[in-house]
Amino acid sequence: MNYREEFQKINRKLVERYSKLDDTEDFWTYLYKPLRPSIRINTLKGSLDEIKSMLEEKFELERIPWTKGEGFFIKSYDVNFGQLIEYSLGLIIPQEASSMIPPVVLDPQPGELVLDMAAAPGSKTTQMAQYMGNEGCIIANDAKQDRANILIANLNRAGVLIAKVTIKDGAYYAKYGDTFDRVLLDAPCSSVGMIRKNFKFAKTWSLGKVYYHSRLQKRLILAAYKALKPGGVLVYSTCTVDPLENEEVVDFLLQKSDAKLEKIKLPLKTTEPILEWEGRKYNEELKKTVRIHPQDNDTEAFYIAKIVKPL
């Protein structure tokens with residue numbers, strides 16, 4: 001099967017645009033493939049080894065190398081999490097493997113004040129609470145009431161005790177200048193990475209959505225950076241591949257502030273960041289950011305930048 005041609009039947013403009021970004025057949029082949037199921041063991045609810053032993057009675061597990069030992073691929077496509085007692089009890093969190101990277105890079109510590117600017121449905125929030133050992137405070141924000149309700153349910157099931165849920169436009173937090181030790185902005189995006197979950201993301205993709213999200217992301221990243229303490233860390237991430245939503249947004253922040261980028265070092269295969277796109281040239285510092293295409297690690301596509309505010 002020619003997977004590029006299959007996508008052309010779904011959305012020709014999608015194929016035209018991203019063939020300019022990645023012209024390999026592997027890109028379209030892996031974007032077509034279903035995602036490998038993956039979970040995070042929730043050590044807020046029990047011992048990692050004990051929960052892992054319970055799971056190994058039902059599934060073959062493969063450790064996800066870029067997590068802190070708690071992330072696993074499940075070697076079975078026939079997994080219904082809703083029927084698993086471990087899920088109902090909050091012992092495991094279903095979470096896509098590449099989506100576990102931003103909290104690992106952020107590395108929140110016990111006792112810190114952390115802002116999760118676009119938190120729903122909450123898998124990354126629960127991951128951060130786990131790393132913090134339920135000590136400190138996470139402001140878990142989402143702009144929409146219905147998404148916030150899902151966020152609250154997921155935080156409760158996971159046993160997160162340190163999250164305060166707010167329902168605000170993320171840009172609201174710009175008023176809290178130099179306040180947070182760490183900020184995660186896992187930004188709303190055009191979701192090209194999520195095509196592997198559901199082809200509706202391919203059908204509904206449009207360049208207009210890319211431009212809309214790029215404008216929104218620039219507004220949010222400025223607010224996130226303002227809210228960050230000097231010496232603090234901001235992680236910006238998306239589950240899409242478009243340079244206008246990734247490198248361009250981080251380049252915009254570098255132009256508008258004194259932000260610095262730090263190199264991300266994890267056991268990952270990556271694609272080179274884009275330093276020139278549609279006549280725009282981006283800051284060479286963007287080489288320090290991480291661009292992941294579906295074929296790199298057989299995951300969703302993702303983009304991650306680690307940003308620090310100088311003291």
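Predicted model: local features only at pLDDT ≥ 70, side-chain atom pairs only at ≥ 80, totals over all residues.
On the side of domain 1 that touches domain 2, the elements giving two or more residues are helix H6, residues 101-106, helix H7, residues 123-131, and helix H8, residues 145-158. Of these, H7 brings the largest share of that side, with six residues.

Let me now step back to the domains themselves. According to the domain assignment, domain 1 is made of two stretches, 3-33 and 97-309, while domain 2 covers 35-94. The contact draws 28 residues from domain 1 and 23 residues from domain 2. As for distance, the C-alpha centres of the two domains lie 23 Å apart.

How much area do domain 1 and domain 2 bury between them? The value is about 2,100 Å², and 59% of it is on carbon and sulfur atoms. On the domain 1 side, Met100, Gln130 and Arg157 together supply 33% of the area buried against domain 2, which is more than any other three residues supply.

Charged pairs also take part here, and the general idea is that side chains of opposite charge can pair when their charged atoms come close. Between domain 1 and domain 2 there are two salt bridges. In the model, lysine 68 forms a salt bridge with aspartate 107, and their closest N and O atoms are 2.6 Å apart.

The total number of salt bridges comes to 28. One of them joins lysine 218 and glutamate 248, with the closest N and O atoms 2.9 Å apart. This pair links distant parts of the chain, since lysine 218 belongs to helix H10, residues 207-227, and glutamate 248 belongs to helix H11, residues 247-256, and the two are 30 residues apart.

Now for the chain taken together, which has twelve helices and 14 strands. Why can we call the chain as compact as a globular protein of its length? Its radius of gyration is 19 Å, and the globule rule gives 19 Å for 311 residues, so the two values are close and the comparison holds. Along the principal axes, the C-alpha atoms fill a box of roughly 50 × 50 × 35 Å.

The peptide bond from alanine 120 to proline 121, however, is cis, with omega near 5°, and proline 121 sits in the loop between strand E5, residues 113-116, and H7. Asparagine 134 has a positive phi, near 60°, although it is not a glycine, and asparagine 134 is placed in the loop between H7 and strand E6, residues 137-142.

I will end with glutamate 60, which is found in the loop between helix H4, residues 48-56, and strand E2, residues 61-63. Which residues does glutamate 60 contact, once its neighbours within four places in sequence are left aside? They are Phe73, Ile74 and Lys75. Glutamate 60 and lysine 75 are 15 residues apart in sequence, yet from C-alpha to C-alpha they are 5.4 Å apart in space.

Conventions:
Residues numbered from 1 in each chain as written. Heavy atoms only, no water. Domains from an automatic or database assignment. Contact = heavy atoms within 4.5 Å. Buried area = accessible area lost by both parts, 1.4 Å probe. Salt bridge = Lys/Arg side-chain N within 4 Å of Asp/Glu carboxyl O. Helix = DSSP H or I, 4+ residues; strand = E, 2+ residues; numbered from the N terminus. Rg over C-alpha atoms; globule rule 2.2 N^0.38 Å.
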